[in-house]
Amino acid sequence: MKYMFTYDVMEATRNTNEWLGATARAFASNPVWGLAPSPAFKMMSAWGRVTERSFARMVIKPDWGIRSIVGDDGRDHLVEVETAVARPFGDLIHFKVLGQAPRTRKVMIVAPMSGHYATLVRSTVVSLLPDCDVYVTDWKNARDIPVSAGKFDIEDYTLYLVDFLRHLGPDTHVIAICQPAPLTLAATAYLAAEDPDAQPRSLILIGGPIDPDAADTEVTDFGRRVTMGQLEHLAIQRVGFKYAGAGRLVYPGLLQLAGFISMNLETHSKAFQDKILAASKGEDSEHDKHNVFYDEYLAVMDMTAEFYLSTVERIFKNLEIAQNRFVVDGKKVDIGAITSVAVMTVEGANDDISAPGQCVAALGLCTGLPAEKKAQHLEPGAGHYGIFAGKSWRNNIRPLVLNFIDTNSGTQKKATKLQAV
């Protein structure tokens, strides 16, 4: 039962803080304090509400919350989320827009599995739904998957993508966001050799670490400093008795969240101080900017230990994708085998997680792909989240992506010139 105790200690700490927040909120909100008005009680109630909500969010999967979209006819069309392919560690889900004419662009978004749920790309999905038939990889929380389901490492992840692409067919366009970019590139190369007819038409890689050594970040520096033995000892724990995956070795989402927050501790501290102050003055709201962001940011999921460790070792340390040495299920994956799938890379100039140079390295690996099927875009002033969910995505990157999809699906002539490679 090694490390199960520490997993349960983290959960107990989270649970205790949620309880303390609820207790402070209830105590300070008692009407009796109205007989002796004091700003201290308002501040305590505000602290309690913010604390309770924050710690409660850490164990709840966010809802997609996409109820409807406005169609070409000006009417609201309901959106249903249905499972297209079900697998133990992740499903392929489909956003079905009721009453809308079929869309010619079929898009599969490969969501990150790096500590947050697939709902992290909610705004990306919303922005594409009016123009595309959208599918998303919906990865499951490892703590909820019984040990009997077996292992799940980066090779299994790659084969999941292969299965999803085979299900969708060759008229698919793939958008891989951040962490899955190298494995999506590998899955496409795997299909190029094993099942060419199932290859997608285009592949858009957004802010992914294809070659982590191309540009230094805190993430790559950490990967170089720590040994695999140290990482396994410090980061890997067993799921506690509370969940269906009891006994499974995982990299806990709460541990990942602590790392995320520590990287920008001053910024997060100020955000919560401002939120508590606003709540004490009655100036906050249920769906204000703070709640919208942190409801998603604080909702974390566990990754299987083998997935996390193999990602660090094979992608960041051994550079198996960057050096075209990746092996899946005993078969060497040659990225140069991609000869017909158009590939585009998108990077943010201010991305401090996957810095410029890491993602565009994919184009150099596609040695069998003609130059006219390669494109790249560097978004000035954009950080990591901005290139798939922010203003830069909506105003600049999304139109380029849709144009790239159309150019490589034969639906229209190229309208916007991208930088050819």
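**Entry 1: the whole protein**

I began with burial: 53% of the 421 residues of the protein count as buried. I kept in mind that this is a predicted model.

Next I looked up the secondary structure. The protein has 14 helices and 15 strands.

Then I turned to size. Along the principal axes, the C-alpha atoms fill a box of roughly 75 × 55 × 40 Å. Does the radius of gyration agree with a compact globule or disagree? For 421 residues, a compact globule would have a value near 22 Å, and the protein has 23 Å, so the two agree.

**Entry 2: surface and charge**

The accessible surface comes to about 18,400 Å². Carbon and sulfur atoms make up 56% of that surface.

I then looked up the charged side chains. There are 43 positive and 49 negative ones. The centres of the two sets lie 2 Å apart.

**Entry 3: helix α11**

I picked out α11, which covers residues 305-317. How many of its 13 residues are buried? The number is 10, and the helix is mostly covered. Among the buried ones I noted Phe-307, Tyr-308, Leu-309, Val-312, Ile-315 and Phe-316. Arg-314 is on the buried list too. I reminded myself that residues three or four places apart in an α-helix point the same way, because there are 3.6 residues a turn.

After α11 comes Leu-319, and its phi is positive, near 55°.

**Entry 4: Gly-169**

Where does Gly-169 lie? I found Gly-169 in the loop between α4 (154-168) and β6 (172-177). Gly-169 counts as buried because its relative accessibility is 13%, and the cut-off for buried is under 20%.

I also checked a distance. Gly-169 and Arg-143 are 26 residues apart in sequence. In space they are 32 Å apart, C-alpha to C-alpha.

**Entry 5: cysteines**

How many disulfides does the structure hold? I found zero. Cys-359 is in no disulfide, and the nearest cysteine sulfur, in Cys-178, is 9.2 Å away. Cys-359 has 1% relative accessibility, so it counts as buried.

Note on methods: Residues numbered from 1 in each chain as written. Predicted model: local features only at pLDDT ≥ 70, side-chain atom pairs only at ≥ 80, totals over all residues. Heavy atoms only, no water. Helix = DSSP H or I, 4+ residues; strand = E, 2+ residues; numbered from the N terminus. Rg over C-alpha atoms; globule rule 2.2 N^0.38 Å. Buried < 20%, exposed > 50% of the residue type's maximum accessible area, 1.4 Å probe, protein only. Areas by Shrake-Rupley, 256 points an atom, 1.4 Å probe, with all protein chains shown as cover. Lys, Arg positive; Asp, Glu negative; His and termini not counted. Charge placed at Lys NZ, Arg CZ, Asp CG, Glu CD. Disulfide = S-S within 2.5 Å.
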